[in-house]
Amino acid sequence: MSRVHDRELGRDIAIKELISRGHLSEVRFLREALITARVEHPSIVPVYEAGRWADGTPFYAMKLVSGRPLRDLIAERRNVDERLGLLHHVIAVADAIAYAHGRNIIHRDLKPSNVIVGDFGETVVIDWGLAKDLTRDEESTTGGGSFRTNRDEGLTSIGSVLGTPAYMAPEQERGEAVDQRADVYAIGAMLWELCSLQKLPPSYAGQRRRVLHRVGIDNDLIAIIEKALDPVPERRYPEAGALAADLKAFKSGARIAARSYSPFGMLAHWTRRHRALAVSVAAIVVVAIAASMFYVRSVAIERDRADAALERVEATNNNLAHERAVAIEQRNALILAQATAALESDPTRALEWLKTYPVDGADWDRVQVIAADAHSRGVARHILPSMSQTISISPDGKTLLTAGPHDLVQVWDLTTGSRLHWTRFDGEVTAAMIAPDGNTIAIGGRGGDVVRWSPASDRRTLLGNLDGGALYVAFHPMAKCSLRRACIQSPSGT
């Protein structure tokens with residue numbers, strides 16, 4: 001790999017060329033260039049051009065990514081808490097590989113040294129030299145025998161077995177045919193490296209769990225790692241997208257698909273997500289019980305001394321039922337109070353509270369009144385992920401545009417609540433608008449760039465730059481959605 005300067009466009013790029021010439025080497029090299037060019041994703045380095053030098057040596061040019069391997073960042077962190085701070089990079093790797101899996105392409109050599117963390121925090125998966133298109137027959141390999149070298153993450157073995165042994169799935173190490181689940185195993189091995197100071201995971205599942213429990217890893221993350229590292233391919237995640245979904249759910253505090261929750265586990269999970277509320281409910285119950293106990297004790301003292309022993313026994317039995325009733329009443333009252341408080345500002349949240357109220361509660365009629373009031377105020381049909389206040393809706397009312405946080409622009413289907421398209425803007429987004437035809441989007445940034453984006457083709461065109469940043473973008477009414485003209489406002493009033 002060489003760093004060169006593109007004199008025509010005035011930029012530095014990377015050139016990869018085949019050093020050792022040979023028919024099989026050229027076939028692999030060409031396959032790598034073609035596959036890398038096909039997987040166009042923000043976390044996969046784009047290919048600019050391919051060809052041959054004057055002497056016939058094949059090469060291809062691609063974007064130059066300035067950064068450091070994830071392997072070095074892991075090595076710098078000496079404890080698990082610091083390493084877990086790199087989890088978002090592994091999630092980005094899973095997202096990129098999920099994109100490739102959706103196109104029937106597997107990487108087969110995922111490892112921290114093949115993941116570059118850029119100077120601006122971007123995560124890029126590199127080195128697709130062992131990638132395979134599952135829709136085509138693999139070329140025959142040279143070299144005899146199975147892999148016999150030491151398990152060293154820095155060496156990619158070429159022969160009957162392809163990949164890096166430290167991150168190989170068992171079936172890949174045995175030289176068997178592999179699919180998307182081999183990449184899932186490699187991502188699981190990277191997760192293990194973040195969560196444990198041991199290089200390689202033990203082969204026995206019980207021992208792996210003990211190691212992770214000992215360093216304080218959350219049960220949900222342990223379940224994700226166990227499913228990804230399962231030696232039986234059928235028990236792993238079927239592809240990287242399912243693994244990425246569980247990792248994102250874990251990061252957000254939601255329940256994951258890899259784990260079955262017992263009632264106690266669900267309660268513990270809810271308590272972790274709503275710690276402040278759980279403490280408040282517990283405090284109210286404790287205060288109610290303490291007040292009840294004090295009252296019963298005061299009454300018992302005033303009773304006839306002759307019947308004190310019998311009355312204390314009866315009081316104990318009555319007190320248990322009373323305490324339970326008081327606790328339930330306090331909890332139900334808290335639910336109604338929370339729902340009522342949320343009704344004005346967030347009717348959807350109010351309905352979520354009412355769903356936790358028991359149907360046999362004393363104030364069920366009031367619950368129905370509050371629910372009807374919430375529906376009359378309007379509740380959300382879908383709850384989208386966190387977003388900024390920059391929002392645009394298509395003229396037909398079926399598509400929602402959200403800009404933010406920071407550089408993320410997303411297009412949502414308001415009928416299903418699913419995300420249709422997304423892209424990342426080079427800089428913080430300050431303005432965005434959907435064209436009248438619903439097929440084109442204008443994006444303005446704090447740095448002043450104004451870009452036209454066509455989500456269907458994922459094509460972006462720079463329209464211009466404003467000093468001081470773009471605060472507002474809108475489509476000119478005479479442009480007829482061609483976006484040849486657009487109205488743009490900057491802090492200077494332009």
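**Close-up 1. Aromatic pairs in a predicted model.** Three aromatic pairs turn up here, counting rings of Phe, Tyr and Trp (its six-membered ring) with centres within 6.5 Å; planes under 30 degrees apart are stacked, over 60 edge-to-face, and the rest tilted. Take Phe29 and Tyr60: their ring centres are 5.4 Å apart and their planes sit at 50 degrees, so this pair is tilted. Phe29 belongs to helix H1 (residues 23-38) and Tyr60 to strand E4 (residues 58-63), so the pair ties together parts 31 residues apart in sequence. Helices (H or I, at least four residues) and strands (E, at least two) are DSSP runs, numbered from the N terminus. Phe29 is buried at 7% relative accessible area, and Tyr60 is buried too, at 1%. The cut-offs: buried is under 20% relative accessible area, exposed over 50%, and partly exposed in between (1.4 Å probe, protein chains only).

The model is predicted, so local features need pLDDT of at least 70 and side-chain atom pairs count only at pLDDT 80 or more, while totals for chains, interfaces and linings use all residues. Numbering starts from 1 along each chain as its sequence is written, and side-chain values use heavy atoms, with hydrogens and water left out.

**Close-up 2. Trp53 against Phe59.** What makes the pair of Trp53 and Phe59 stacked? Their ring centres lie 4.0 Å apart with planes at 10 degrees, so the pair counts as stacked. Trp53 is partly exposed, at 37% relative accessibility, whereas Phe59 is buried at 11%.

**Close-up 3. Charges over rings.** Here a charge sits over a ring if NZ of Lys or CZ of Arg is within 6 Å of the ring centre and within 35 degrees of the ring normal. Arg11 lies over the face of Tyr48, 4.1 Å from the ring centre. Lys227 has its charged end over the ring of Tyr237, at 5.5 Å from the centre.
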